[in-house]
Amino acid sequence: MQKSRERDYTFDILKFIAIAIIVLHHYQQTTGAFFPTSVNWYDGRFYWGNLVELFFIISGYFTYTSISRIRNGASFFRFYIKKYFRFLPMLFICGGVCLITQWCYIHTLDTSSGMNISFWNIIASLFGFQRWFDSNLMINNPMWYISVLLLCLIVFYGITRFCLSFNLSVFLGYGLIAVVGMIMRAVTLKYGVDLPFFNNSIGRGLLCFFLGLCIAAIFKNKKLEKALETSWTIFFGASVLILGFIVLYIVKPHLILGSSSDTLYYSLCFVVYPCLMILCNNASLKHRLSHSHLSFMGGVSYNAYTWHGPILYAYVSIFALCGLDPCQLPAMYSFLGIAFLIGGISNKYIDAPLSKFIQTKIQY
């Protein structure tokens, strides 16, 4: 893992904000809460679930440095096993707890969560490969991102090894896989296809993970990398594009949406999110935000993400038992605070110690 002083705190802050929004998105999705006079993070004017694409892009961006390991002869096992075991403990622990809290939720509210609680789904969810086979809800469903990410890492190793072996451009290889992901997403949405290794979740992951790799390949060009770090023209240009998108979406959303939500989706993936990556690479911004007291944000936000599913089921069940209404603003934002509090505790006492143990025991 990176040492604290080497971390890109700008990306940690970006992920922290994005995960907070995703937590609120899932809260309203699960409870059915809607606020006519406030921002709605689910079923509002903007579909915040597309922030998961940003997670994939950032993951692909930071995976780019692994090319050197593969070039130096790292086997698939040496490359993959440590990454897999980095995610497995939280997949397993949070998934196991979610089984319990979801059972309480179903029986307390006398409702169904839409979950397929079969032996296969439990095993596939706990070990992180459920979304490889279909798009059914995972036991701890927000972890579908990790499931698809694990598959993307397999494809990354394969295409990188292939390109290096035949002296082909890895950039073109990654671009090709991104196009495959785009086609997969389009086909599954249009025709409702949901097959092993060919479903909407995998399409979204392949498109954005490999787009992140392509962005890294461009940004890591020595001349451009320096310009990204120091040029205020590029920084303000990216800022104007982001602000312009926001203003246009608010004032004239039909110009972005057109006749299909694909226009919005691809605007985010190919314009807004890359511009956010440009902002995060600005050296001055990095310097201003590189403080040790911000080092907690990466680990806490990731753990808040892994835990918010099982916590949400418990939270809503407790509200039901107490005769309280969870569809209130104070209840929602209190839940957000609880999710990050538990994320902080989990990061310090569960995830970080396990990660350290894995780092020392699994050598590559």
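Modeller: In this predicted model, a residue counts as exposed when its relative accessible area is over 50%, as buried when that area is under 20%, and as partly exposed in between.

Colleague: Is Asp43 buried or exposed?

Modeller: Asp43 belongs to the loop between helix 1 and helix 2 (51-63). Its relative accessible area is 58%. Exposed means over 50%, and therefore Asp43 is classed as exposed.

Colleague: What is the phi of Asp43?

Modeller: Asp43 is not a glycine. Even so, its phi is positive, at about 60°.

Colleague: Where is Phe197 found, between which helices?

Modeller: Phe197 is also a residue other than glycine with a positive phi, near 65°. Its relative accessibility is 41%, so Phe197 counts as partly exposed. Phe197 is found in the loop between helix 7 and helix 8 (200-219).

Colleague: At what angle do the axes of helix 1 and helix 12 cross?

Modeller: Two packed helices are described by the angle between their axes and the distance between the axes. Helix 1 covers residues 9-31 and helix 12 covers residues 262-280. Their axes come within 9 Å and cross at roughly 140°. That angle makes helix 1, relative to helix 12, oblique.

Colleague: Which residues of helix 1 and helix 12 make the contact?

Modeller: The residues of this contact divide into five nonpolar, one polar and no charged. Helix 12 contributes Leu276, Met277 and Cys280, while the residues from helix 1 are Thr10, Phe11 and Leu14.

Colleague: How many salt bridges does a search of the whole structure find?

Modeller: Side chains of opposite charge can pair when their charged atoms come close. A search of the whole structure for such salt bridges gives a total of four.

Colleague: Which residue forms a salt bridge with Glu53?

Modeller: The closest N and O atoms of this pair are 2.5 Å apart. Glu53 lies in helix 2 and its partner in helix 8, so that distant parts of the chain, 151 residues apart, are linked. The partner of Glu53 is Arg204.

Colleague: How many residues apart in sequence are Asp351 and Arg86?

Modeller: Asp351 and Arg86 form a salt bridge with closest N and O atoms 2.9 Å apart. Asp351 is in helix 15 (residues 329-361) and Arg86 in helix 4 (residues 76-108), so the pair ties together parts of the chain whose separation in sequence, in residues, is 265.

Colleague: Is Asp351 buried or exposed?

Modeller: Arg86, its partner in the salt bridge, is partly exposed, with a relative accessible area of 22%. Asp351 has a relative accessible area of 3%. Because that value is under 20%, Asp351 is buried.

Colleague: What is the N to O distance in the salt bridge of Arg185 and Asp262?

Modeller: This pair links helix 7, which holds Arg185, with helix 12, which holds Asp262, 77 residues apart. Arg185 is buried at 7% relative accessible area, whereas Asp262 is partly exposed at 29%. The N to O distance between their side chains is 3.1 Å.

Colleague: Which residues is Ala304 in contact with, leaving aside its neighbours within four places in sequence?

Modeller: Ala304 is part of helix 14 (residues 296-321). Its relative accessible area is 0%, so Ala304 is buried. Leaving aside neighbours within four places in sequence, Ala304 is in contact with Ala339, Phe340 and Gly343.

Colleague: Which residues does Asn347 touch, not counting residues up to four places away in sequence?

Modeller: Asn347 lies in helix 15. With a relative accessible area of 17%, Asn347 is buried. Not counting residues up to four places away in sequence, Asn347 touches Gly299, Val300, Asn303, Ala352 and Pro353.

Conventions. Residues numbered from 1 in each chain as written. Predicted model: local features only at pLDDT ≥ 70, side-chain atom pairs only at ≥ 80, totals over all residues. Heavy atoms only, no water. Axes fitted to C-alpha atoms, helices over the stretch in contact; angles between N-to-C directions. Helix = DSSP H or I, 4+ residues; strand = E, 2+ residues; numbered from the N terminus. Parallel < 35°, antiparallel > 145°, perpendicular 65-115°, else oblique. Contact = heavy atoms within 4.5 Å. Nonpolar A, V, L, I, M, F, W, Y, C, P; charged D, E, K, R; others polar. Buried < 20%, exposed > 50% of the residue type's maximum accessible area, 1.4 Å probe, protein only.
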